[in-house]
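Here is a short report on cores, pockets and cavities. Please look over the sequence and the structure first.

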Amino acid sequence: FNVRVVGIIQAIISVIVCIPMFNHPEFYSNPIGGSYDFAGLIASFTIGYFIWDLFYCCLFHFDLYGFEFLFHAFGALYVFGTTLIPFCQPYLCAFLIYEASTPFVQFHFMMTRAPKGMFPPWAISLNGVFLILVFFVVRIIWGVYATVLSICHVWAMRHEYNMGLLLSVYILNVGFQFLNFTWFSKMITMATRMLRPAADAANADNKAKKID
């Protein structure tokens with residue numbers, strides 16, 4: 001639960017601070033090679049979080065999080081670390097906005113593992129609806145769009161950067177998108193399982209009424 005609270009705080013702060021970056025001139029004029037102080041500050045803050053996430057959560061507690069989260073923590077640390085080169089530093093906000101879905105993920109974990117009756121079923125269901133909707137918008141729709149757009153910008157400037165850097169960053173980005181689709185499919189499966197008992201109960205009631 002302590003780890004989840006840290007994740008919620010980090011996600012909320014990340015979303016708040018990254019929103020102004022979408023309005024910065026560098027985001028439009030020089031998204032790949034640009035750099036400015038505020039973006040560097042946010043990059044450093046994000047790197048600090050993923051250092052903690054990698055070592056404390058994914059290595060020290062590997063038995064709880066597994067390979068998927070280890071890959072995500074290592075990859076995110078590497079990709080966000082490259083923004084200090086600088087590389088795609090103004091683009092930081094386009095990927096940091098993914099964190100908008102994180103509080104709902106953490107709340108779901110906490111609600112479903114809290115003592116029974118602590119949270120009403122409607123609150124858990126409402127959080128689940130927001131989780132699926134926000135995750136789909138920021139990580140699936142926007143995530144694919146932002147990744148493809150950044151690849152197009154990087155390709156136009158590919159001669160200015162080491163090819164190893166470009167390949168490593170975008171192989172990891174493709175891996176992140178694969179993870180997002182995997183996690184989203186798990187959410188849909190979980191939601192379907194939660195809805196099935198309610199549907200079965202409703203069908204049973206209807207059959208009982210017909211019999212009566």
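Which element gives the largest share of the lining of the second largest pocket?

## The second largest pocket

The answer is α8, with 5 residues. The model is a predicted one. In it, the second largest pocket has a volume of about 150 Å³. Both α7 and α8 supply at least two residues of the lining.

The residues around this pocket are I151, V154, W155, R158, M163, L166, L167, Y170 and I171. By class, 8 are nonpolar, no residue is polar and 1 is charged.

## The largest pocket

The largest pocket has a volume of about 1100 Å³. Its lining holds 41 residues, and R4, F69, V105, L131 and M187 are the closest to its centre. Two or more lining residues come from each of α1, α3, α4, α6, α7 and α8.

Here α8 gives the most, with 10 residues. The lining of the largest pocket divides into 23 nonpolar, 10 polar and 8 charged residues.

## The cavity

The count of cavities of 30 Å³ or more is 1. The largest cavity has a volume of about 300 Å³. It is lined by 23 residues, of which V79, F80, F95, N173 and F176 are the closest to its centre.

Four helices each supply at least two residues of this lining: α4, α5, α7 (121-156) and α8 (163-211). The most come from α8, which gives 6 residues. The lining of the largest cavity has 15 nonpolar, 6 polar and 2 charged residues.

## Nonpolar cores

In soluble globular proteins, nonpolar side chains tend to be buried together. In this model, the largest nonpolar core has 44 residues. Within this core, the residues with the most contacts are M21, I32, F80, F87, C88, Y91 and V154. At least two core residues come from each of α1, α3, α4, α5, α7 and α8. The largest share is that of α3, with 9 residues.

What does C88 touch, leaving out residues up to four places away in sequence? The list is P31, I32, T83, V154 and Y170. V154 and Y170 also line the second largest pocket.

## Helix α1

Helix α1 covers residues 2-18, 17 residues in total. From first C-alpha to last, α1 reaches 24 Å. That is close to the 24 Å expected at 1.5 Å a residue.

Which residues of α1 are buried? They are V3, R4, G7, I8, Q10, A11, S14, V15, V17 and C18. R4 is also among the residues closest to the centre of the largest pocket. The cover over the buried residues of α1 includes α3 (37-59), α4 (62-82), α5 (92-96) and α6 (102-113).

Terms used. Residues numbered from 1 in each chain as written. Predicted model: local features only at pLDDT ≥ 70, side-chain atom pairs only at ≥ 80, totals over all residues. Heavy atoms only, no water. Expected span 1.5 Å × (residues − 1). Buried < 20%, exposed > 50% of the residue type's maximum accessible area, 1.4 Å probe, protein only. Contact = heavy atoms within 4.5 Å. 1 Å grid on protein atoms, 1.4 Å probe; cavity = no way out; pocket = protein on both sides within 12 Å on 5 of 7 lines; lining within 4 Å. Points joined across faces, edges and corners; volume = space filled by probe spheres on them. Nonpolar A, V, L, I, M, F, W, Y, C, P; charged D, E, K, R; others polar. Core = buried A, V, L, I, M, F, W, Y, C linked by side-chain atoms within 4.5 Å.
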